[in-house]
Amino acid sequence: MSATVSFSLPSPRGPRTVTLSYARVGTGEPLLLLHGIGHHRQAWDPVVHLLAAERDVIAVDLPGFGESPALPEGLSHDLETMVPALAGLCEALGIERPHVAGNSLGGLLALELGREKLVRSVTAFSPAGFWSRAERRYAFGVLLAMRQAARGMPVPMVERLSRTAAGRTVLTSTIYARPARRSPEAVVAETLALARAEGFTPTLKAGTSVQFTDDLPGLPVTVAWGTRDRLLVRRQGIRAKQIIPRARLVRLPGCGHVPMNDDPALVARVILDGSR
């Protein structure tokens, strides 16, 4: 069941109230789940029940995505604001140093939380920030095309396409290696989430200068990459391993950029192993 929490963050114009939507389930050590740009927390639905058997799972809609409103005026959708916003979420929920798992943008944010020593372990699936300039241009071009397509399709067309495996492939094959496995309802919801995300443009703009360059000594880190990732190609995982040499680098056979739907059992196992 979804809930919201509000808290204050400082800005050059004084304190601003940030509101985030989240869902929480399970028992055990806390585990924060962070989705990618243009997505929403339901991206984690295929694995939440597997994780909740051992973890207190908190899946959050990032600012300006899903059911979370965009950041208020005076706050930017960049790492310098997003990381304190996630720290504020944890404080408001009474969570101290959770484990964190993130995908794409969420993977980058998970690593940034680790760099600030705000979490006890990091699992990053195809994290942003390990790209070359050309790879970043390609990824941003694909994301912009996906956004334009989602915004240009009437809802009845999205619903009609989602009813068939071929249609779901048309809508989501860029991020899923096995798009036919996604339910029609989920495909409609995430297509609309991409089309309506208030945070998409400012977050993408902020990402043009992002490059992750820091090691995370003393922190358990797992970096996982799908062998069929068509958005952030898997050689970026090798760069991540070079930058974070103590990280565990995991190959996800047959998985795309958003692997949680492609192989839920494998993704859950990678997260739980990395957070033990």
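Here follow questions and answers on the sheet and helices of a predicted model.

Biologist: What are the ground rules for this model?
Modeller: Residues count from 1 along each chain as its sequence is written. Local features need pLDDT of at least 70, side-chain atom pairs count only at pLDDT 80 or more, totals for chains, interfaces and linings use all residues, and side-chain values use heavy atoms, without hydrogens and water.

Biologist: In what order do the eight strands of the open sheet lie?
Modeller: Strands are DSSP runs (E, at least two residues), numbered from the N terminus. Two of them pair if DSSP finds at least two bridges between them. The pairing is mixed, and the order is 1-2-4-3-5-6-7-8.

Biologist: Which are the edge strands?
Modeller: An edge strand here pairs on one side only. That picks out strand 1 (2–9) and strand 8 (248–252).

Biologist: Which residue in strand 2 is the bridge partner of Thr4?
Modeller: Strand 1 and strand 2 (residues 16–25) run antiparallel, joined by eight bridges. In strand 2, Thr4 has as its bridge partner Ser21.

Biologist: Are helix 5 and helix 6 parallel or oblique to each other?
Modeller: Helices are DSSP runs too (H or I, at least four residues). Axes are lines fitted to C-alpha atoms over the stretch in contact, and angles run from 0 to 180 degrees between N-to-C directions. Helix 5 (residues 155–162) and helix 6 (residues 165–172) pack at about 125°, axes 6 Å apart. Under 35 degrees is roughly parallel, over 145 roughly antiparallel, 65 to 115 roughly perpendicular and the rest oblique, so this pair is oblique.

Biologist: Which residues in helix 6 do Val158, Leu161 and Ser162 meet?
Modeller: Contact means heavy atoms within 4.5 Å. Those three belong to helix 5. Their partners in helix 6 are Gly167, Arg168 and Leu171.
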